[in-house]
Amino acid sequence: MRQWAAMLSVLPTQCDLREVGPRDGLQNEAPVPVAERVRLIDALAASGVRRIEAASFVHPSAIPAMAGAEEVLTSIDRRPGVSYTALVPNRKGAERALAAGADELEAFVSASTTHNLKNIKRTPTETLEEIAGIVELAHAAGRPVDAGVATCFGCPYEGDIEPTVVAGYAQRLLDLGADTIFFGDTTGMGSPRRVGLLLDAVEGAGIGLELVGLHFHDTRGTGLANAYAALQRGVSRFDASIGGLGGCPYAPGASGNIATEDLVHMVEDLGVATGISLGSLIDAAHLAEEIVGRRLPGQVMRAGPRSLLVSVDPAVPG
Ligand code: ZN
C-alpha cells in the first residue's frame, strides 16, 4: 500500500490532452462534410477537452478528407479556454491556418528519412527548413508551434530508430524556436520499454520533459501501457483520438490512435485530473461512430466506465 502511494506520487497531478480525432482521425476516413466535422469538434469542446486538433492545411488534392479547413475553423462554436490547433505542412499552410484563426500550429518531421520522403516528399533537412519558416510566421502572429517528430519508435521501412536520433530532431526543432515538441508513434511500434529509452535520450539531450507530448497508436495493443510508462516519468501531455479514430495513410498497417475516452478513464482512476467529463466524451465517441458509419475500436465507449454498475436482475439466468 505504501509502495503504491509512492508510485502515485510520481505521477503528474493533471494531464493536458489534445484531441486529434477531427484531423488525424478523420483524415483517414472517407471525406466527411464540414458541418459534421464541426459538430464533432463542438461536442468535444463541450466535454471539457481544451486542445483540439481541428484541421489540416494540406492541399485538398493530397488529402481530400481535409478539404474545407478554413470553413471548419470559422464555423466552430469557439469556447473560451479551448485551443483549436491546425496541422500545417509548409509556410503556405501556416499562412492559411493563421488567417483562419488557428490558435496553435503543429508541424512535424519524420525521424525516418524514408518515411519523410514518402509522407512529405521532402528530405528531413528540407522539412526542418520549412518548419523554421512556419515558426517565424506563427510567432509573428503571436501563436505557438508544437513541433513533432514522427516514427519515433520505429519505421516500417527503416526498422528501429535510435532514441538519440529522435532526441536530436527534438533538439533541432527547439533550436528552430518550436515552443513544445511531441513524439509520434506513427506506426504503433512503441512499447513501454522504448518509451523509457526515448525519454532517457530526451533528458540526456537536456530537454525538459515538461516540453514533451506523446502521440501513441494502439496498433499492437500497447497504446495505454505506453501512456502509463510516460506518466510514470512525469510526462503530462498526450494526444488521443475520440473512439480511437484514425491511423496513418502513409504507414502500411498502422491504425488506431489511442481512444481519448479510454485514456481519460485510465488516468482519472490514477488520480490525474483531465478536466474532461467522461460521460460527455463517450457521447462524442458515439457521435464519431455515427459520422463515419463504422464501429470504432474504443473500449470504454462500449463497456461504460468501471464505476457504472449494472442492476441485478434475477429473471436473467447467469
Ligand atoms: Zn495518430
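Where is the place of Lys121? Lys121 sits in the loop between helix 6 (113-120) and helix 7 (124-140). The model is predicted: local features need pLDDT of at least 70, side-chain atom pairs count only at pLDDT 80 or more, and totals for chains, interfaces and linings use all residues. Residues are numbered from 1 along each chain as its sequence is written, and side-chain values use heavy atoms, with hydrogens and water left out.

**Overall build**

- The chain has 13 helices and 8 strands. Helices (H or I, at least four residues) and strands (E, at least two) are DSSP runs, numbered from the N terminus.
- The radius of gyration is 19 Å, close to the 20 Å that the globule rule gives for 318 residues, so the chain is as compact as a globular protein of that length. That radius is taken over C-alpha atoms, and the globule rule is 2.2 Å times the number of residues to the power 0.38.
- The C-alpha trace spans about 65 × 45 × 35 Å along its principal axes.
- Of the chain's contacts with a separation of 6 or more, 73% are between residues 24 or more positions apart. Contact means heavy atoms within 4.5 Å.

**Surface and charge**

- Buried residues make up 54% of the 318 residues. Buried means under 20% relative accessible area, exposed over 50%, and partly exposed in between (1.4 Å probe, protein chains only).
- The accessible surface comes to about 13300 Å², and 54% of this belongs to carbon and sulfur atoms. Accessible areas come from the Shrake-Rupley method with a 1.4 Å probe; for residues, only the protein chains shown count as cover.
- The chain carries 26 positive and 38 negative charges, and their mean positions are 2 Å apart. Lys and Arg count as positive and Asp and Glu as negative, while His and the chain ends are not counted. Each charge is placed at NZ of Lys, CZ of Arg, CG of Asp or CD of Glu.

**The nonpolar core**

- The largest nonpolar core has 96 residues. Such a core is a set of buried Ala, Val, Leu, Ile, Met, Phe, Trp, Tyr and Cys residues joined through side-chain atoms within 4.5 Å.
- Helix 12 (residues 278-292) gives the most to this core, with 9 residues.
- Phe57, Leu105, Leu173, Phe183, Val212, Phe238 and Ile242 have the most contacts inside the core.
- Beyond its neighbours within four places in sequence, Phe57 is in contact with residues including Leu73, Leu87, Val88, Pro89 and Arg96.

**Helices 10 and 11**

- In helix 10 (residues 223-232), the buried residues are Gly223, Asn226, Ala227, Ala229, Ala230 and Leu231. They pack against helix 9 (192-204), strand 7 (212-215), strand 8 (237-240) and helix 11 (260-269).
- Helix 11 is mostly covered, with 7 of its 10 residues buried. These are Thr260, Glu261, Asp262, Leu263, Val264, His265 and Val267.
- The cover over the buried residues of helix 11 includes strand 1 (16-19), helix 10, strand 8, helix 12 and helix 13 (300-303).
- Gly271 follows helix 11 and has a positive phi, near 85°.

**Loop residues**

- Lys121 has a positive phi of about 60° although it is not a glycine. At 63% relative accessibility, Lys121 counts as exposed.
- Thr151 also is not a glycine, and its phi is positive, near 50°. Thr151 lies in the loop between strand 5 (145-150) and helix 8 (163-175). Thr151 is buried, with a relative accessible area of 0%.
- Ser241 is in the loop between strand 8 and helix 11. Its relative accessible area is 0%, so Ser241 is buried. Leaving aside neighbours within four places in sequence, its contacts include Glu19, Val20, Asn257 and Thr260.

- Arg91 belongs to helix 5 (residues 91-99) and is partly exposed, at 37% relative accessible area. Arg91 and Leu137 are 46 residues apart in sequence and 7.6 Å apart in space, C-alpha to C-alpha. Residues up to four places away in sequence aside, Arg91 touches Glu129, Glu130, Gly133, Ile134 and Leu137.
- Pro64 lies in the loop between strand 2 (51-56) and helix 4 (69-75). Pro64 is partly exposed, with a relative accessible area of 49%. Pro64 and Glu106 are 42 residues apart in sequence and 19 Å apart in space, C-alpha to C-alpha.
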